[in-house]
Amino acid sequence: MNFTFFSQPAAEKESTAPAITSSSGVSNSRTPQDSLLRTEVSPKKYSSILIPVDFTEESMRAFTYAMPLIEKFSSKVILLHVIDPRLYAPELPYDSVQDLLPIEDARQSLRATAETMLKPEQLEKTLVIVGRPFSAIVDVAERQHVDLIILTSHCDTGWNHFFFGSQAETITRYAPCPVLIVPKM
């Protein structure tokens, strides 16, 4: 943080407050109101933004909030889709579910989303990961050195069990960067 001291120019002072006198008897004509400690927060440059999507209309709303930031900071975007194997066959062991997962379909859908929503120079990469959404999002943010995560708080399908309740809050708590949560409309 940058700290800046502000004081009113001497010609503009109209204070009737008494002058401050130090213990050595030296008079200071400044009053406590003349110098204020103010915290200035420099705006962060979001050079890398992570947007997790599940291809629902609700998750695509994250782009409404992301696009002004992407354009302002000339950010690169990482699009992420997480396939949770527990949704496809919760009773089967993780290893045996791999062949049932729509990984290639998700890759194609993610590429189509990138082409529709972003300019080519704005896309850094697309990622499809098999795992639990919370841990995958946090892991990608850490490994890719993401500056901001933008996600929706509720989705209609796919991740609906994930985003209800405290899961979005959990991502916020463990993410290595700020998280912008777009509320459900």
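This is a predicted model: local features need pLDDT of at least 70, side-chain atom pairs count only at pLDDT 80 or more; totals for chains, interfaces and linings use all residues.

Started with E5. Five of its five residues are buried, so I take E5 as largely enclosed by the rest of the structure.

Next I checked the two faces of E5. Ser-48, Leu-50 and Pro-52 lie on one side, Ile-49 and Ile-51 on the other, and all are buried.

Then the neighbours. Which way do E5 and E6 run? I found them parallel, with five bridges joining E5 to E6 (residues 76-83). Pro-52 has Leu-80 as its bridge partner in E6.

E5 (residues 48-52) is also joined to E8, again in parallel, by two bridges. I looked up the partners here: Ile-49 is bridged to Leu-148 in E8, and Leu-50 stands opposite Ile-149 of that strand.

Moved on to E8 (residues 148-152). Are its residues buried or exposed? Five of the five are buried, so E8 too is largely enclosed by the rest of the structure. From E8, Leu-148, Ile-150 and Thr-152 point one way while Ile-149 and Leu-151 point the other, and all of them are buried.

Last stop was E9 (residues 179-182). I noted four bridges between E8 and E9, in the parallel sense. For Ile-150, the bridge partner in E9 is Leu-180.

To sum up my page: E5 pairs with E6 and with E8, and E8 pairs with E9.

Note on methods
Residues are numbered from 1 along each chain as its sequence is written. Side-chain values use heavy atoms; hydrogens and water are left out. Buried means under 20% relative accessible area, exposed over 50%, partly exposed in between (1.4 Å probe, protein chains only). Two strands pair if DSSP finds at least two bridges between them.
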